[in-house]
Amino acid sequence: MNKLTVMILLLLVGNAAVAAPGIDAVTITTNPDGGQTYTVTIQVLALMTMLTLLPALLLTMTSFTRIMIVLGLLRQAIGTAQAPSNQVLLGLSFFLTVFIMMPVFDKVNSQAVQPYLEEKINLTTALEKASEPFRTFMLRQTREADLEMFMRISGRQDFQSVDDVSFALLLPAFVTSELKTAFQIGFLLFLPFLIIDLVVASVLMSMGMMMLSPMIVSLPFKIMLFVLADGWSLVLEMLAASFYV
């Protein structure tokens, strides 16, 4: 009896499922101006996909990469293993990135987000308008040599101007330029602390204290030098100014 009841229920559920109208996976509506509007389901799916890509976009399209690398190299140059911690460096890099990228975010909001929310433009147009401020920012920070290298690797050198370069070429060129700039700044930050290490090591060697680690003696002097020179303010100001040159 139980088996018969289960079979009847399965048949009823199956018939109901077949009889119920299905939900369209993709619905495209043609607008009077020739544009296309996708169904709300696809828009939500695209939004959720964009949210999963936010960390990658943060690393590849903003100033976050340069700031995080410079702060990490600065901590290593001072010689403090976990001070400040990774969480502090990440938070500082994130909020400094928001501060530096705020003009770009304002343009994206005024040109793409607000018109789309007011239904003045469709999703495709909003994405195109939102990419323009980021594109301008990345082109300003990208070296021509890096851009030409990726153009040469891709085999496409038929661009009439930099405006014709696609995001697929601009993104890796921008990240490569950011890595170069970050390591150049990190090298300059290393020099004064390296001099302190050399002086302390020479003094300890001349005094015959070879068993004493120079790092133990030089660390207080490096911290004192960094604090007296107001190092954090200088480094953060230099990082912010490097994006406006």
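Is glutamate 178 buried or exposed? Glutamate 178 is buried, with a relative accessible area of 0%, where buried means under 20%, exposed over 50%, and partly exposed in between (1.4 Å probe, protein chains only). The structure is a predicted model, in which local features need pLDDT of at least 70 and side-chain atom pairs count only at pLDDT 80 or more, while totals for chains, interfaces and linings use all residues. Residues are numbered from 1 along each chain as its sequence is written, and side-chain values use heavy atoms, with hydrogens and water left out.

The protein contains 10 helices and 2 strands, taken as DSSP runs numbered from the N terminus (helices: H or I, at least four residues; strands: E, at least two). Read from the N terminus, the order of elements is α-β-β-α-α-α-α-α-α-α-α-α. Of the 245 residues, 28% are buried. Among contacts (heavy atoms within 4.5 Å) with a separation of 6 or more, 66% join residues 24 or more positions apart.

Side chains of opposite charge can pair when their charged atoms come close. Glutamate 178 takes part in one of them, with arginine 66 as its partner at 2.6 Å, N to O. This pair links distant parts of the chain, since arginine 66 belongs to helix H4 (residues 64–78) and glutamate 178 to helix H8, 112 residues apart. Arginine 66 is itself buried, at a relative accessible area of 2%.

A further salt bridge joins lysine 180 to aspartate 146, with 2.7 Å between the closest N and O atoms. Here too distant parts of the chain are linked: lysine 180 is in helix H8 and aspartate 146 in helix H7 (residues 144–154), 34 residues apart. Lysine 180 counts as partly exposed because its relative accessibility is 38%, whereas aspartate 146, at 1%, counts as buried. Lysine 222 and aspartate 197 also meet through their side chains in a salt bridge, at 3.4 Å, N to O. Lysine 222 lies in helix H9 (residues 214–228) and aspartate 197 in helix H8, so this pair ties together parts that are 25 residues apart in sequence. Lysine 222 is buried, with a relative accessible area of 1%, and aspartate 197 is buried as well, with 19%.

H8 has 40 residues, and its 57 Å from first C-alpha to last is close to the 58 Å expected at 1.5 Å a residue, the expected span being 1.5 Å times one less than the number of residues. A bend of about 30° occurs at leucine 191, with proline 192 following within four residues; the bend at a residue is the angle between axes fitted to the seven residues ending there and the seven starting there. Threonine 181 is another residue of H8, and its relative accessibility of 13% is why it counts as buried. Apart from neighbours within four places in sequence, threonine 181 contacts Arg66 and Arg143.

Phenylalanine 187 also lies in H8 (residues 167–206). Together with Leu188, Leu191, Leu194 and Leu198, Phe187 makes a nonpolar surface patch of about 490 Å². Patches are made of residues with over 30% relative accessible area and no salt bridge, with like charges joined within 9 Å and nonpolar side chains (Val, Leu, Ile, Met, Phe, Trp, Tyr) within 5 Å. After H8 comes glycine 208, whose phi is positive, near 75°.

H5 (residues 86–117) spans only 37 Å between its end C-alpha atoms, whereas a straight helix of 32 residues would span 46 Å at 1.5 Å a residue. H5 bends by about 60° at methionine 101, and proline 103 follows within four residues. Methionine 101 is buried, and other buried residues of H5 include Leu89, Ile100 and Val104. Phenylalanine 105, also in H5, counts as partly exposed at 30% relative accessibility. Leaving aside neighbours within four places in sequence, phenylalanine 105 is in contact with Val98 and Phe134.

Terms used
Areas by Shrake-Rupley, 256 points an atom, 1.4 Å probe, with all protein chains shown as cover. Salt bridge = Lys/Arg side-chain N within 4 Å of Asp/Glu carboxyl O.
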